[in-house]
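Please go through the following briefing with the coordinates open.

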Amino acid sequence: MIITSGIKKYYGETAVVDDVSIELPARGITSIIGPNGAGKSTMLSIVSRLLGMDAGSVTVDGLDVSNTPSDVLARRLSILRQDNHMTARLTVADLVAFGRYPYSKGRLTIEDKAHIDQSIAYLNLDDLRDRFLDELSGGQRQRAFVAMVLCQDTDYVLLDEPLNNLDMKHAMGMMKLMQRACHELGKTVVLVLHDINFASWYSDYIIAMKNGRVIRHGTKNDIITPEALKDIYDMDINVHEIGGHRVSLFYD
């Protein structure tokens, strides 16, 4: 379980994450939603230690992320950032191999190569493994980065806006893939999403942030309601139920 306790992050005198204490449940998909500037990506970066905090603490299965050795933490938790661009010209297989660095330190073993092959196959990238990243479509490239994260073989997978620049078909495929990873591989996936319908359809748990604070959290049935969504987004949002899932429509 990931637990944050009183974490704060300031830029100047502005608190972008303001006293956030929350438990992120193990297993399944947890989506972090909220308006722009709510502190969602900043909080995810703090949890993964990509960004330092000004106060508070974060633990992952009891390990304090502030003082846990990097190679130990990297075997427990992985993250795919929003700005996942590579300047080097790499093939899909080269990229996915980076996921094994916490184990191999750059010297791939037979076991590492097996993980690479499994991750490429899991993302249906076998036909693309020798293609360069700059030759791929946006959806294919995003799948390659997710394969790299899964190849790291961590219990916790953090994804910062993984649906950015994906069309509806590829976004749906990405969310289904995350569901499979949770159910088949026992992963805990925590992701930042802007589309509340994707959050509603695929999440097991939802955390809503606003002005740097967590203002609501619970199951999707707790959060995807007109009352809760108005509190989060300051606008009226109609909610309908389709096939056991709640979907939202904005209106003036």
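Arg-49 counts as partly exposed because its relative accessibility is 29%, which lies between the limits of 20% for buried and 50% for exposed. The residue is found in the loop between H1 and E4, and its phi is near 70°, a positive value in a residue other than glycine. This is a predicted model, and the points below should be read as descriptions of that model.

- With a relative accessibility of 36%, Asp-153 counts as partly exposed.

- Four strands are arranged in the order E2-E1-E4-E5 as an open sheet, with antiparallel pairing.
- Strand E2 (14-24) and E5 are at the edges and have a single partner strand each, so one side of each is left without a neighbour in the sheet.
- Helix H1, residues 40-47, packs on this sheet and touches E1, E2 and E4, while its direction makes about 120° with that of E1.
- Strand E1 (residues 2-11) and strand E4 (residues 55-60) are paired in the antiparallel sense over five bridges; within this pairing, Ser-5 stands opposite Ser-57 in E4, and the bridge partner of Thr-4 in E4 is Val-58.
- Strand E5, residues 63-64, is joined to E4 by two bridges, and the two strands run antiparallel, with Leu-63 in E5 as the bridge partner of Val-60.
- The hairpin formed by E4 and E5 has two residues between the strands, and Asp-61 in the turn has a positive phi of about 50°.

**A second hairpin**

- Strand E9 (residues 205-210) and strand E10 (residues 213-218) run antiparallel and are joined by five bridges, and Ile-206 stands opposite Gly-218 in E10.
- E9 and E10 form a hairpin with two residues between them, where Asn-211 in the turn has a positive phi of about 55°.

**Nonpolar cores and a buried helix face**

- In soluble globular proteins, nonpolar side chains tend to be buried together.
- The largest nonpolar core holds 52 residues, of which Ile-33 and Met-178 touch the most other members.
- Helix H6, residues 138-151, gives the most to this core, with eight residues.
- A second, separate core has 25 residues, including Val-17, Val-192, Ile-207 and Met-209.
- Leaving aside residues up to four places away in sequence, the contacts of Ile-33 include Lys-40, Leu-193, Ile-196, Ala-199, Ile-223, Ile-232 and Tyr-233; among the other residues that Ile-33 touches are Ile-207 and Met-209, which are also included in the second core.
- Which residues of helix H10 (residues 226-233) are buried? They include Ala-228, Leu-229, Ile-232 and Tyr-233.
- Viewed down the axis of H10, its buried residues fall within an arc of 110°, so they line one face of the helix.

**Salt bridges**

- How many salt bridges does a search of the whole structure find? The search finds 13.
- Asp-234 and Lys-210 meet through their side chains in a salt bridge with an N to O distance of 2.8 Å. This pair links distant parts of the chain, with Asp-234 in the loop between H10 and strand E11 (237-242) and Lys-210 in strand E9, 24 residues apart.
- Arg-131 forms a salt bridge with Glu-135, in which the closest N and O atoms are 3.5 Å apart; Arg-131 counts as partly exposed at 32% relative accessibility, and Glu-135 counts as partly exposed at 37%.
- Arg-131 and Glu-135 also belong to a network of salt bridges that links them with Arg-89 and Asp-134.
- The side chains of Glu-241 and Arg-246 meet in a salt bridge at 4.0 Å, N to O, where Glu-241 is exposed, with a relative accessible area of 58%, and Arg-246 is partly exposed, with 23%.

Terms used
Residues numbered from 1 in each chain as written. Predicted model: local features only at pLDDT ≥ 70, side-chain atom pairs only at ≥ 80, totals over all residues. Heavy atoms only, no water. Pairing = 2+ DSSP bridges. Core = buried A, V, L, I, M, F, W, Y, C linked by side-chain atoms within 4.5 Å. Buried < 20%, exposed > 50% of the residue type's maximum accessible area, 1.4 Å probe, protein only. Contact = heavy atoms within 4.5 Å. Axes fitted to C-alpha atoms, helices over the stretch in contact; angles between N-to-C directions. Arc of directions from axis to C-beta.
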